[in-house]
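Try each task yourself before reading its solution.

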Amino acid sequence: MADITLAAERGRPVGSAASRRLRNQGRIPAVVYGHDADPLPISVVARELRAALSTEAGINALLSLRVDGGSDYLAMARDIQRHPVRHTVIHVDFQVARRDEAVGADVALNLVGEAIEVAHADGIVEQQLFSVPVIAKPADIPNALEIDVSTLTVGESLRVADIVLPAGVEVDVDTDTVAVTAIPSRFARAGAEGAEEGGAAAAEAEGPPWAP
């Protein structure tokens, strides 16, 4: 994962009114923290932040924060606050990272393969887990993880333990957690329930075996 340089300015005024003025100017208030350093208030250009976090690495991109054109901080975006209605970014916390130190991150989980047996049984593949918390060094954090559903059959599930992890990556969740399951479709369930009800009705109409 290559570093992405993001220019930042220090010395921003703090407070709600000052933050609104910054956002009106196209900048996002932020703070850099970590490794026992005092939190450093900064601001970044909203457009440049979107570009930095829109690569394949997404929010797990390893950033080189260049503050006032001088000091560089190796960091990752860790708390992104959004407007409750417009969903635009209104504040970001950047956590200082080290290349040789593992950090936690959420990584997207993608389904690969074709669940042929599930399709033949008129079933549905239902994804339960869309991201997986992992622990890895910043450069080892994958853009996404994959789980193969080609062997799945109706009534079976795949768990976190079934995800093939890249070298240097560990999951930070119970490996028995269900990631994907295969269930009968609504129509298949309705058909089975109808058959059961029909059988019960027929048995009731016939009466007990000792009836004349």
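A polar contact here is a pair of N or O atoms within 3.5 Å, where one must be able to donate a hydrogen and the other to accept it. Keep in mind that you're looking at a predicted model.

**Exercise 1. Work out what the side chain of R12 reaches.**

Start by finding R12: it sits in the loop between β1 (4-10) and α1 (16-24). Next, look for a charge partner. R12 is buried but has no salt bridge, and D93, the nearest side chain of opposite charge, is 7.0 Å away. A salt bridge would need a side-chain nitrogen of Lys or Arg within 4 Å of a carboxyl oxygen. Now check the backbone: the R12 side chain gets to the backbone oxygen of I42 at 2.7 Å. To finish, list the neighbours. Leaving out residues up to four places away in sequence, R12 touches S19, L22, P29, A30, P41, I42, S43 and H91.

**Exercise 2. Decide which residues of α1 are buried and how they are arranged around the helix axis.**

First pick out the buried ones: A18, S19 and L22. Looking down the axis of α1, its buried residues fall within an arc of 100°, so they line one face of the helix. Then turn to the other side, where S16 and N24 are exposed. What's doing the covering? Among the elements over the buried residues are β2 (27-34) and β3 (37-45).

**Exercise 3. Where do D68 and D122 lie, and what are their phi values?**

Most residues other than glycine have a negative phi. D68 isn't a glycine, yet its phi is positive, about 55°. You'll find D68 in the loop between β4 (63-67) and β5. At 47% relative accessibility, D68 counts as partly exposed. Now for D122: its phi is also positive, near 60°, and it lies in the loop between α3 (116-120) and β8 (123-127). With 42% relative accessibility, D122 is partly exposed.

Notes. Residues are numbered from 1 along each chain as its sequence is written. This is a predicted model: local features need pLDDT of at least 70, side-chain atom pairs count only at pLDDT 80 or more; totals for chains, interfaces and linings use all residues. Side-chain values use heavy atoms; hydrogens and water are left out. Helices (H or I, at least four residues) and strands (E, at least two) are DSSP runs, numbered from the N terminus. Buried means under 20% relative accessible area, exposed over 50%, partly exposed in between (1.4 Å probe, protein chains only). Lys and Arg count as positive and Asp and Glu as negative; His and the chain ends are not counted. Contact means heavy atoms within 4.5 Å. The arc is that of the directions from the helix axis to the C-beta atoms.
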